Protein chains: 2
Amino acid sequence: MVKPVKVGIAGLGTVGSGTVNVLQRNNAEIARRVGRPIEIAHIGARRDNPNCDISGIKVSRDIFDVAEDPEIDILVELIGGTDTARELLLTAIGNGKHIVTANKALIAEHGNEIFTAAHHRGVDVAFEAAVAGGIPILKSLGEGLAANHIDWVAGIINGTGNYILTEMQEHGRDFGEVLKEAQALGYAEADPTFDVEGVDAAHKLTILASIAFGIPLQYSRVYMEGISRLTTEDVKNADMFGYRIKHLGLARDTGNGIELRVHPTLIPKEVLLASVSGVMNAIMIEGDAVGPTLYYGAGAGADPTASAVVADIIEMGRGLTAEHEERAPYLGFHADQMSQAPVLDIEDVTTSFYVRLHVQDQTGVLKDITQILTRHDISVEAMFQREAEADEPVAIVMMTHKVLERDMNRALDEIAALETVLEDIMRIRVESLDA
Amino acid sequence: MVKPVKVGIAGLGTVGSGTVNVLQRNNAEIARRVGRPIEIAHIGARRDNPNCDISGIKVSRDIFDVAEDPEIDILVELIGGTDTARELLLTAIGNGKHIVTANKALIAEHGNEIFTAAHHRGVDVAFEAAVAGGIPILKSLGEGLAANHIDWVAGIINGTGNYILTEMQEHGRDFGEVLKEAQALGYAEADPTFDVEGVDAAHKLTILASIAFGIPLQYSRVYMEGISRLTTEDVKNADMFGYRIKHLGLARDTGNGIELRVHPTLIPKEVLLASVSGVMNAIMIEGDAVGPTLYYGAGAGADPTASAVVADIIEMGRGLTAEHEERAPYLGFHADQMSQAPVLDIEDVTTSFYVRLHVQDQTGVLKDITQILTRHDISVEAMFQREAEADEPVAIVMMTHKVLERDMNRALDEIAALETVLEDIMRIRVESLDA
């Protein structure tokens, strides 16, 4: 009998218990795939979790005991957070363990350091579960599409945000009302900032962009804009123009630099990504050879995330005796071959815009606005003005052609300064998502 | 400088020239991913192809010269067909070459033999391009979802068929008319049997099912039904019930055996797969941990197919020095660990059905039909009868609950024998595609 792969799991929360369950439930089938059994040899957790059965498995209350255990081939980090997790990984790497982690914040913020340490020690670090849960998106991007120059990646990579937008779209409900419901359902954290302001999506986008373009992880360079200011009025206006509003993570190689941005985005209804509803995730990738592709599935949850964690374990188990150099590199590109392409400031990004203004019902307002746009070389593709009810402000909605964000900002500053224009100007970037 | 990976390409048709172009165009980026350059060292082709530049590359008119070339690490088979291709692969394997092929018919019909030979010689065989062109579906299924017990796979895996169905759906056009157009556009072969009767999809489904369930390749066991009998009347009726008709390849593990079937299928409009239009491909996979996932992209064409061919070359290049046992097995499961689960006869499959009959406008017809259905324990979920124009037959359309195909066949035989029922009974299987 061949030697089993010995796995140590640090953290027994939602994903940890899911990982134990999947490894136990599909034990025989997984062994048939790996060519040897996978054994959970050690679990580190402050407390047990009634959602999984760990009888017969060695358990330590100090997770560092797992990282120090000489029996362990692979340390699976599922504790979350960045400080202790970073220390745990560096300890395990120092002890020659391979690493599997689902920790997007850790990889996005400390990945460069962790990969350097792992590379020097000759061990592998896998993190499929860190982006889009069960969807094998990092493998698809870094291996499946490795023949391509990647042009762009656009993803619905936060399920809570997409759930809220879907409810606003399909049932005309308000942002605040749906957010409260999402919190009650357990989709959104009590502090929803990570989800609705784009932090979580920015972590994932950081990782996707590195693998797509071979650039170092640069979380601090991601432009972030949340969905909390969106109104049902904007959702309806977008619909009228033939668009849906999605909270996207976008990474694009412009040739002059890399765009890294998370923000609400109008996308055409006909694009498959626009049909992705509820808590589901989907990522679109455009490569120069393959053209547009899309990957869809559950982005969170115990079992879907465990699916990705265990896939990484299986891959390591298959190649456990292989040399470090024979494995696919952590970020798809070899560490000494990373690109130095700069990340663009958001003001240097060119997109089309949806703009919605509320103005006082006076003659000349539209003319003032149009003059400002013209002075900044912004051309308008479509515009409509909604008739005002008595004493209510008039809504002006327009779609622009492509324009440099810096020019749009200047124009909007001038428009905001007009006495007839009310304060709540909304502008949302538009992406056609074609090749 | 590290030694380059030396590739020999046999066949310089559409995919062959696409492969040369992608390897040349993305040469530097690919080397950064592999850790060493990839060099096209030898091309075997009966004639040159003006769509690619092969100046400076050794060319032989006899493809077997490439398989015999001691310089070559990897033989890329892109000649198509099964006889010569099989011989070429066995020759190259005998000479210790790794194999990359895009040949679905070859793998589906002779894969078991080829993998056995390759396993004994300790070489790798990769065939990502054989299924769904540029979509990295085999990698996603065999590696990305390796933690899962796969419940089912359902795919739009023939672009020509999907193009025809999309035109019938969106523009109410007839099958024959659209087929002629597809042939003129170059989507469909002059002999369209492979596409529209399901042979091409059955080849791909054979491969998908082996990787999903760890069963040997069993092309001869795939049930096949084409789309040539579909009418716009059926497409409209399906729409009225909330469904679209897609030509699906379906593989399901029932627990008592494996279903392998290619046929027109009603699927709910809300399912993402129903929104896949035109020549695009998409595959839905349901795993016990990950839940439903979907993979979408171009299923054919020079560049998309080359994307998958070159991805396989890159993977082999990365692990060129690794031991045979350290690589993922050909079909996802180890050769000595294949499942002996039987493939079910189509009559043993249980599905819901759409049934459309044309009957003479006489009292008692509906009662006769209902009695037959009841006698065979077939319960009807919805039914409608379209009012007859003067002298025209009446259309009766129904959706059944789930029923064993054998029972449905017997009932339909009896219904067809009724004097009042006309000959062209149409029945189409229905799949909800939920978990």
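Trainee: In which crossing, left-handed or right-handed, does α6(B) pass α10(B)?

Mentor: A crossing is left-handed if the near helix is turned anticlockwise from the far one by less than a right angle, and right-handed if clockwise. Here α6(B) passes α10(B) in a right-handed crossing. Please keep in mind that this is a predicted model, in which local features need pLDDT of at least 70 and side-chain atom pairs count only at pLDDT 80 or more, while totals for chains, interfaces and linings use all residues. Residues are numbered from 1 along each chain as its sequence is written, and chains are lettered from A and ligands numbered from 1 in the order in which they are written.

Trainee: At what angle do α6(B) and helix α10 of chain B pack?

Mentor: Axes are lines fitted to C-alpha atoms, for helices over the stretch in contact, and angles run from 0 to 180 degrees between N-to-C directions. Helices (H or I, at least four residues) and strands (E, at least two) are DSSP runs numbered from the N terminus. The angle between α6(B) and α10 (residues 199-213) of chain B is about 15 degrees, and their axes are 9 Å apart. α6(B) is therefore roughly parallel to α10(B), given that angles under 35 degrees count as roughly parallel, over 145 as roughly antiparallel, 65 to 115 as roughly perpendicular and the rest as oblique.

Trainee: Which residues of α6(B) and α10(B) meet?

Mentor: Contact requires C-beta atoms, placed from the backbone, to lie within 7 Å. B:L138, B:L141 and B:G142 of α6(B) meet B:L208, B:I211 and B:A212 of α10(B). By class, this contact of α6(B) with α10(B) has five nonpolar, one polar and no charged residues. Ala, Val, Leu, Ile, Met, Phe, Trp, Tyr, Cys and Pro count as nonpolar, Asp, Glu, Lys and Arg as charged, and the others, Gly among them, as polar.

Trainee: How do α5 and α10 of chain A pack?

Mentor: Helix α5 (residues 104-121) and helix α10 (residues 199-213) of chain A pack at about 55 degrees, with axes 9 Å apart, so α5(A) is oblique to α10(A). The crossing of α5(A) past α10(A) is left-handed. A:K104, A:A105, A:I107 and A:A108 in α5(A) meet A:H203, A:K204, A:T206 and A:I207 in α10(A). Four nonpolar, two polar and two charged residues make up the contact of α5(A) with α10(A).

Trainee: In what order do the six strands of the open sheet in chain A lie?

Mentor: Two strands pair if DSSP finds at least two bridges between them. The order in chain A is β3-β2-β1-β4-β5-β6, with parallel pairing. Its edge strands, β3 (58-60) and β6 (125-126), each pair on one side only. Two bridges join β5 (residues 98-101) of chain A to β6(A) in the parallel sense, and A:I99 is opposite A:V125.

Trainee: How many residues does each chain bring to the contact between chain B and chain A?

Mentor: Chain B gives 52 residues and chain A gives 52 residues. On the side of chain B that touches chain A, the largest share, nine residues, comes from α12(B). That side of chain B has 23 nonpolar, 19 polar and ten charged residues. Strand β12 (residues 291-298) of chain A also pairs with β12(B), antiparallel over three bridges, with A:L294 opposite B:Y296.

How values were computed:
Two residues are in contact if their C-beta atoms, placed from the backbone, lie within 7 Å.
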